[in-house]
Every structure is written in C-alpha cells, then in structure tokens.
Amino acid sequence: MSNKLYEKMNLYLANQEVNYIKLLNLHWYVKGRSFFTLHSKLEELYNHTASVIDSVAERLLALEQAPVGNMQSALKIATIKERSDTPISSDETVGLLITDIRYWINDTQEIVKLAEEAGDGVTADQFNDYLGEYQKLLWMLESYVS
C-alpha cells in the first residue's frame, strides 16, 4: 500500500474532525430567514460528518495505520480552518457550505485516485461513495441559492 495514500487519508480525517466542529458552529450561529431550514440541514451534515470520521478512522485501522484521534493533532495538520464564534447570515452560511463542499469533492477525488493507484479498491469504493454524496449536496445547495 501507499504511504502517500495513508497520509492523505489522515489529513482528510483531521480536516473532517475540524469540519465537524465548524458545522456545529454554523448550526449554533446561523441567523436569518432560512434559519429553520439551515439549522436542520446543518444538524444532518454534522451527523453525517461524524459517520465519515468514524469510517475513515476505522479504514485506517483496518489498514494497520494510526488515525488522528485528538483535536490537538488534527489542528496541527488540518488545512480546514475553524470559524469564530460569531453570528453568520443564512446566505453567508450557504456560500461557505458551497465552498467547503467543492473542497471536499476535490479532496475526495484525490484519495480515490491514490487508492486506485495503490490497488486498494475498498478504500476507492468508500471514498467514491463520499464523492457521490458531496456531488449531490453541491447540486442541492446550488439549487437552493439559484
């Protein structure tokens, strides 16, 4: 297997861990006319992210790798940034989600490619599932603001 793949999966995991907290932050601080819709959607998204975190960590363990399992380590390597504890409008929230989902699509595609190059079809399949979910979410968010 590929060390580059494992490193990228651990970076993905760290970013998902930071993303989980970021989604909670948005869930708590979103304001505006779309509050009820977004508050509910953000809860769905952070619950889904928790599932992704668990699945990626368990895949790393199955591959005899050590997943990033604490926030201090995750924050050291994460490229996703936290957001401040300040109110955010509904429109800004959706815009931020669209930007982040585009990031997740690109990052997920990179892991699929690395997994395929390493001959790891199981990991490629796992991340292809995430890719489909992110592409659908991007379509929905872009439709929401059209």
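The legends below describe close-up views of a predicted model.

**View 1. Packing of helix 4 against helix 5.**
Helix 4 covers residues 90–117 and helix 5 covers residues 121–145. Their axes lie 9 Å apart, at an angle of about 160°. Angles over 145 degrees count as roughly antiparallel, and helix 4 and helix 5 are therefore roughly antiparallel to each other. Their crossing is left-handed. Sorted by class, the contact of helix 4 with helix 5 has 19 nonpolar, 5 polar and 3 charged residues.

**View 2. Isoleucine 98 in helix 4.**
Isoleucine 98 counts as buried because its relative accessibility is 9%, and buried means under 20%. Apart from neighbours within four places in sequence, isoleucine 98 is in contact with Leu138, Leu141, Glu142 and Val145. One of these, leucine 138, is 40 residues apart from isoleucine 98 along the chain, yet the C-alpha atoms of the two are separated by 6.2 Å.

**View 3. Packing of helix 2 against helix 5.**
The axes of helix 2 and helix 5 are 12 Å apart and the packing angle is about 170°. The two helices are therefore roughly antiparallel to each other. Helix 2 passes helix 5 in a left-handed crossing. On the helix 2 side, the contact is made by Thr37, Lys41, Leu45, His48, Val52, Ser55, Val56 and Arg59. Helix 5 contributes Val122, Thr123, Gln126, Phe127, Tyr130, Glu133, Leu137 and Tyr144. The residues of the contact of helix 2 with helix 5 divide into 8 nonpolar, 5 polar and 3 charged.

**View 4. Packing of helix 2 against helix 4.**
The axes of helix 2 and helix 4 come within 10 Å and cross at roughly 30°. Angles under 35 degrees count as roughly parallel, so helix 2 and helix 4 are roughly parallel to each other. The crossing of helix 2 and helix 4 is left-handed. Helix 2 takes part through Phe35, Leu38, Leu42 and Leu45, and helix 4 through Ser90, Thr93, Val94 and Leu97. The contact of helix 2 with helix 4 has 6 nonpolar, 2 polar and no charged residues.

Residues up to four places away in sequence not counted, leucine 42 touches Leu23, Leu26, His27, Val30, Thr93 and Leu97.

**View 5. Threonine 49 in helix 2.**
Threonine 49 counts as buried because its relative accessibility is 3%. With neighbours within four places in sequence left aside, threonine 49 is in contact with Gln16, Asn19, Tyr20 and Leu23.

**View 6. Glutamate 64 in the loop between helix 2 and helix 3.**
Helix 3 covers residues 71–77. Most residues other than glycine have a negative phi. Glutamate 64 is not a glycine, but has a positive phi of about 60°. At 74% relative accessibility, glutamate 64 counts as exposed, since exposed means over 50%.

Note on methods
Residues numbered from 1 in each chain as written. Predicted model: local features only at pLDDT ≥ 70, side-chain atom pairs only at ≥ 80, totals over all residues. Heavy atoms only, no water. Axes fitted to C-alpha atoms, helices over the stretch in contact; angles between N-to-C directions. Helix = DSSP H or I, 4+ residues; strand = E, 2+ residues; numbered from the N terminus. Parallel < 35°, antiparallel > 145°, perpendicular 65-115°, else oblique. Left-handed = near helix turned anticlockwise from the far one by under 90°. Nonpolar A, V, L, I, M, F, W, Y, C, P; charged D, E, K, R; others polar. Contact = heavy atoms within 4.5 Å. Buried < 20%, exposed > 50% of the residue type's maximum accessible area, 1.4 Å probe, protein only.
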